[in-house]
Amino acid sequence: MLRNRELRFYLLILSIIALLFTMFAYLYISAAAAIYVFVTCMVLICVQVISTWWRYREIAKLSGHLRRIANGDYQFDIRDNYEGELSILKSEIYKVTLMLSQQGSSLKKDKSKLTDAISDISHQLKTPLTSMMVMADLLSGKITEEKRQEFTRNIRIQLERIEWLVSSLLKLSKIDAGSVTFKKEKVPVIQVIEKAAEAVLIPMDIKQQSLKTEGDRNAVFYGDLKWTAEAILNILKNGIEHTAEGGEIYFSFFENALFTEISIRDTGKGIPKKDLPHIFKRFYKGENAGEDSVGIGLAMAYSIISAQNGDIEVVSKEGEGTTFQIKFYKQAINSIK
C-alpha cells in the first residue's frame with residue numbers, strides 16, 4: 001500500500017498540515033491545545049490509513065475475482081448488502097459475470113452445433129463424392145457407350161446435389177449471420193405462390209400430381225417476394241416427395257386485420273407423431289425421409305419465415321397428409337410482439 005506514490009504524497013501533505021496546526025495552537029493558544037490538536041490529527045491520519053488499507057484489501061479481493069472470471073470461473077457471487085462505491089462496483093462486476101456466463105454457454109452451444117453441422121455436412125458430401133469417384137474410375141476403363149452415358153448422367157446428378165447442398169448452407173449461414181436484408185414490400189400472395197410453383201411443375205407432372213389454389217386473390221402480405229418463394233418452394237418439394245403419384249397439393253390463403261395466412265396441404269403419407277417436433281431442425285431426417293433427403297429444406301423455410309416476423313406450424317396425420325400453416329403478421333402486431 002505504501003508503495004503507492006500518490007498515497008505517500010497524500011500522507012505527507014496531511015502530516016505537514018497537522019504540524020502547522022500544532023505549531024499554531026502552541027504559539028497562539030497553549031501547549032495543552034497543541035497536544036490536543038496533534039493527537040487529533042494523528043488519530044484522523046490513522047483512520048485515513050486504516051480506511052485506505054481496507055479499500056486496498058477489498059480491491060485486492062476484486063482483482064482475485066476478476067482473475068477467476070478471466071479463467072472462466074463464473075460460479076460465485078461477489079455482491080454484498082452494503083451501500084458504497086465498492087458495493088456498487090461489486091454489483092456491476094456480478095452483472096458482467098452473469099453476462100459472460102450466458103455468452104460462454106451460448107458459445108459452447110454454438111460450438112457444439114457447428115461441430116454437429118460440420119459432421120453432417122461431411123457425411124452428406126462423402127456419399128456423392130465416393131459415388132462419383134467410383135464411377136470416374138469405371139469411366140476410365142473399357143465400358144459400353146450405354147454404361148458411359150449412365151455413369152455420366154449419375155455424376156451430373158450427384159454434382160447438382162452437392163451444388164444444392166452448398167448453396168443451401170450458404171443461404172442459411174447468411175440468414176444466421178444477419179447479413180441477409182429482407183425486403184418489406186407489399187406482395188400479393190398469389191404471386192409468391194405462382195413463383196414458388198414454377199420450379200416444381202415438371203416434377204409434379206411426372207408424378208401426375210395436381211396443384212389446386214383457393215383463396216382471396218387480393219390478399220397481400222409485407223415481406224420479401226424472392227425469399228418467401230424460396231421458403232414455400234422447400235415446403236412444396238417436401239410435399240411432392242411424400243405424396244404418391246396422382247396425389248394432390250392444395251394452397252389456401254386469406255388475409256384479415258391481424259395477419260395473412262398461407263396453408264399448404266398435401267395428400268401424402270403424413271409425418272409420424274414422433275417426428276413432428278423435430279422437422280424444422282437442420283439435418284433431421286424422419287423415418288419417412290427419402291434416401292436423397294438431406295434434412296435442410298424445412299429448416300431453411302423456418303429460418304426465412306421467422307426472420308420476417310412470421311410463424312409456421314405443421315399439422316399432420318399418418319396416412320391422411322400434412323398441412324403447413326404460414327402466418328405473416330401485420331406491422332401493428334409485430335410491434336406488440
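Which residues in α5 meet which residues in α7? Gln191, Val192, Lys195, Ala196 and Ala197 in α5 meet Leu225, Lys226, Thr228, Ala229, Ile232, Leu233 and Leu236 in α7, where contact means heavy atoms within 4.5 Å. By class, this contact of α5 with α7 has 8 nonpolar, 2 polar and 2 charged residues. Here Ala, Val, Leu, Ile, Met, Phe, Trp, Tyr, Cys and Pro count as nonpolar, Asp, Glu, Lys and Arg as charged, and the others, Gly among them, as polar.

The model is a predicted one, in which local features need pLDDT of at least 70 and side-chain atom pairs count only at pLDDT 80 or more, while totals for chains, interfaces and linings use all residues. Residues are numbered from 1 along each chain as its sequence is written, and side-chain values use heavy atoms, with hydrogens and water left out.

Among contacts in the protein chain with a separation of 6 or more, 68% come from residues 24 or more positions apart.

Back to the helix pairs. Two packed helices are described by the angle between their axes and the distance between the axes. Axes are lines fitted to C-alpha atoms, for helices over the stretch in contact, and angles run from 0 to 180 degrees between N-to-C directions. The axes of α5 (residues 189-198) and α7 (residues 225-241) come within 8 Å and cross at roughly 55 degrees. The two helices are therefore oblique to each other; angles under 35 degrees count as roughly parallel, over 145 as roughly antiparallel, 65 to 115 as roughly perpendicular and the rest as oblique. The crossing of α5 with α7 is right-handed, a label for a near helix turned clockwise from the far one by less than a right angle, with left-handed used for anticlockwise.

Helix α7 also meets α4 (residues 145-177), and these two axes come within 14 Å and cross at roughly 130 degrees. That makes α4 oblique to α7, and α4 passes α7 in a left-handed crossing. Trp164, Lys171 and Ile175 of α4 and Trp227, Glu230, Asn234 and Lys237 of α7 make the contact, which has 3 nonpolar, 1 polar and 3 charged residues by class.

Helix α4 itself has 33 residues and reaches 48 Å from its first C-alpha to its last, close to the 48 Å expected at 1.5 Å a residue; the expected span is 1.5 Å times one less than the number of residues. Its buried residues include Phe151, Ile155, Leu165 and Ile175. Just after α4, Gly178 takes a positive phi of about 75 degrees.

Helix α2 (residues 31-70) can be checked in the same way: its 40 residues should span 58 Å, and its end C-alpha atoms are 58 Å apart, which agrees. Among the buried residues of α2 are Ala33, Cys41, Glu58 and Ile69. Val49 and Leu7 are 42 residues apart in sequence and 9.2 Å apart in space, C-alpha to C-alpha.

Lastly, Thr323 is found in strand β7 (residues 321-329) and counts as buried at 16% relative accessibility. Beyond its neighbours within four places in sequence, Thr323 is in contact with Ser263, Ile264, Arg265, Glu313, Val314 and Val315.

Conventions: Helices (H or I, at least four residues) and strands (E, at least two) are DSSP runs, numbered from the N terminus. Buried means under 20% relative accessible area, exposed over 50%, partly exposed in between (1.4 Å probe, protein chains only).
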